[in-house]
Amino acid sequence: MSEALPALKPSSPATHYSKDQLTARSRYLTALLTVAEVATQSLDIEKILNDTLDKTLEILGFDVGFVRTLDRQNKNMLVRVARGLRSPEFLAGVAPIGAERRNVSRIVFETKEPYICIDIRKNPIYKNRSMEQDGVISTAAAPVMSKNRVLGIMVVGSRRLHRFRKREIKLLMAFGSQLGAALENAELYQEVNKSKAYVENLVENAADLIISTDLNDRILTWNRGAEVLFGYHKNEVVGKHLAILLPSERFHELEEMRAKVQISGALRDIEVRSKRKDGVMIYLSLSVSPIRDLQGKIVGFLRIAKDITEKKRYERRLKELDKLKSDFVSNVSHELRTPLTSIKGSVENMLDGLTGSLNEKQIRYLVRIKSNTDRLSRLINDLLDLSRIESGRVEVRPTRVPLTALAEEVAEHLKPLATEKLIRIEVPSPDPSATVWADRDKVTQVLVNLIGNAVKFTPQEGKVTVALEKSDHDYVQISVADTGPGILPEETNKIFSKFYQVTNIAKQKPRGSGLGLAISKALVEMHGGKIWVESEVGRGSTFYFTLPAQQPFKLEMPAS
């Protein structure tokens, strides 16, 4: 059977105590303080449980007791420490708090109240009789709690029939609360230590360099990645100045980095040169972040870096190869241009009759030769244009360009090509006076490429539309739409690459170098604009590009 306890009401300030009451209260507070000191003197959970149970039994005058703690995952309570109990069945047993059968642990867990039994021999809840086998007769259980959460139960027992007094139960409840708070603190400490050890392990074994320094760039920590990269063991560098990793002519960079981090908050992926222990120079991609204390004050810096020496070597080699390729293309193109011009001139002279009359078959062959020499000439011009663009030899000379008139001019130029396929080229413009700040020749080249492509890929009796629209205050948007077969979605980001040919959806055999769009992209971007395409298979494609509407950073000259 269990006994209900009256609620413990706090005393009001006006309450007057007798001498005996004051003595009892003093003993109560002393006992509470003693257990509190025991429970909080360690952060080792096993020591907290053992010491608190021992002190509880000593103060209350019992020789039997145990503590169960909650296993949240399995919803059980397990015996963690016990005194005066030897039954292996009891010590190894679990008390389920989610099962239908009632037990002391479940009752205390659900009610958060003490459970007292004067004679367990008569109480069906103790039917396994494991405590009775150890001679226990009377027990009292109190919740081990923290922040209104039950973390376990604390039980004291007597081998004689014992009626627990209110003071004993009150102290047992208070001891349970002290133990609960101590357990939670210890668990939090262990979790923090686990997290700290995990992070430290990650940092120590990271492949990247991770080091920390104080405000004066003295090295505080040095991970394994730094050891491998620089060849210094941590014992050689901790406490040393970061300058040992830099050539002398770059010492000033440290001060500049500190200043930038303090202003901007962090530096990300900056390329720096550094020096290994053996004197070999290496390149790093470095990020620097401030380390702050609890008040937000910067107390040091964290540096994370990757070795990009090989990457820089490959980049230099690629630039060399790219220059060789550009020089080769430029030289070969120039060498081809001279004989091609001679061939083209001779063919045109023959077609003009300067070498005598020609029969129909001869004319047909010469027209074919002229067509192919024109195509080869365009390819050579594209290669030369691309070579000049990539080598930086193309200059943009912007002026005020009337865009509507230029688009109409290009459309008129390409009209014969479109007429052969019965294709209409339309240039509707809501603003005939629209102008852009651009190089007229370069914009003409872009329009010729885009409109020419649209005509080439549009089937018989289709339509090509060139539209102009102000996209915002600073830019004008030009679009070239066709009614061709469209472009597959996965190819829309590839068609501006050099020599790329789109998948032949319409089973046509388009001829070209695959350079027109790459050149157009480069020319548009040289003006500060951008170019893109929107397409739907079977519905056609629309190419867009933007150009500045006015001269950037135009300076107003003062009136004289």
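The dialogue below works through several features of a predicted model.

Colleague: Where should I start with the strands, and which strands pair with strand 1?

Modeller: As a general idea, side chains in a regular strand alternate between the two faces of the sheet. In this predicted model, strand 1 (residues 64-71) pairs in the antiparallel sense with strand 6 (residues 149-158) over six bridges, and seven bridges join strand 1 to strand 2 (residues 76-83), again antiparallel.

Colleague: How many residues of helix 14 are buried, and what covers them?

Modeller: Burial here is read from relative accessible area, with under 20% counting as buried. Eight of the 11 residues of helix 14 are buried, so this helix is largely enclosed by the rest of the structure; among them are Leu 517, Ile 519, Leu 523 and Val 524. The cover over the buried residues includes helix 11 (360-390), helix 13 (440-457), strand 17 and strand 18 (540-548).

Colleague: What is found in the loop between helix 14 and strand 17?

Modeller: His 527 is found in that loop, between helix 14 (516-526) and strand 17 (531-536), and at 11% relative accessibility it counts as buried. A polar atom of the His 527 side chain lies 2.8 Å from the backbone oxygen of Leu 523, which is itself one of the buried residues of helix 14. Leaving aside residues up to four places away in sequence, His 527 touches several others, including Val 396, Trp 437, Lys 442 and Pro 548. Gly 528, which follows helix 14, has a positive phi near 90°.

Colleague: How should I read the salt bridges, and how many are there in the whole structure?

Modeller: Side chains of opposite charge can pair when their charged atoms come close. A search of the whole structure finds 27 salt bridges. One of them joins Arg 303 to Asp 217, with the closest N and O atoms 3.3 Å apart. This pair links distant parts of the chain, 86 residues apart, with Arg 303 in strand 11 (residues 298-307) and Asp 217 in the loop between strand 7 (209-214) and strand 8 (219-222); both residues are buried.

Colleague: Where do Glu 227 and Arg 224 lie?

Modeller: An α-helix has 3.6 residues a turn, so residues three or four places apart point the same way. Glu 227 and Arg 224 both lie in helix 7 (residues 224-230), three residues apart, about one turn of the helix, and their side chains meet in a salt bridge (2.9 Å, N to O). Glu 227 is buried, with a relative accessible area of 11%, whereas Arg 224 is partly exposed at 44%.

Colleague: What does the salt bridge of Lys 312 and Glu 271 tie together?

Modeller: The side chains of Lys 312 and Glu 271 meet in a salt bridge (2.9 Å, N to O). Lys 312 lies in helix 10 and Glu 271 in strand 9 (residues 267-275), so the pair ties together parts that are 41 residues apart in sequence.

Conventions. Residues are numbered from 1 along each chain as its sequence is written. This is a predicted model: local features need pLDDT of at least 70, side-chain atom pairs count only at pLDDT 80 or more; totals for chains, interfaces and linings use all residues. Side-chain values use heavy atoms; hydrogens and water are left out. Helices (H or I, at least four residues) and strands (E, at least two) are DSSP runs, numbered from the N terminus. Buried means under 20% relative accessible area, exposed over 50%, partly exposed in between (1.4 Å probe, protein chains only). A polar contact is a pair of N or O atoms within 3.5 Å; within protein, one must be able to donate a hydrogen and the other to accept it, and residues adjacent in sequence count only if both atoms are side-chain atoms. Contact means heavy atoms within 4.5 Å. Two strands pair if DSSP finds at least two bridges between them. A salt bridge is a side-chain nitrogen of Lys or Arg within 4 Å of a carboxyl oxygen of Asp or Glu.
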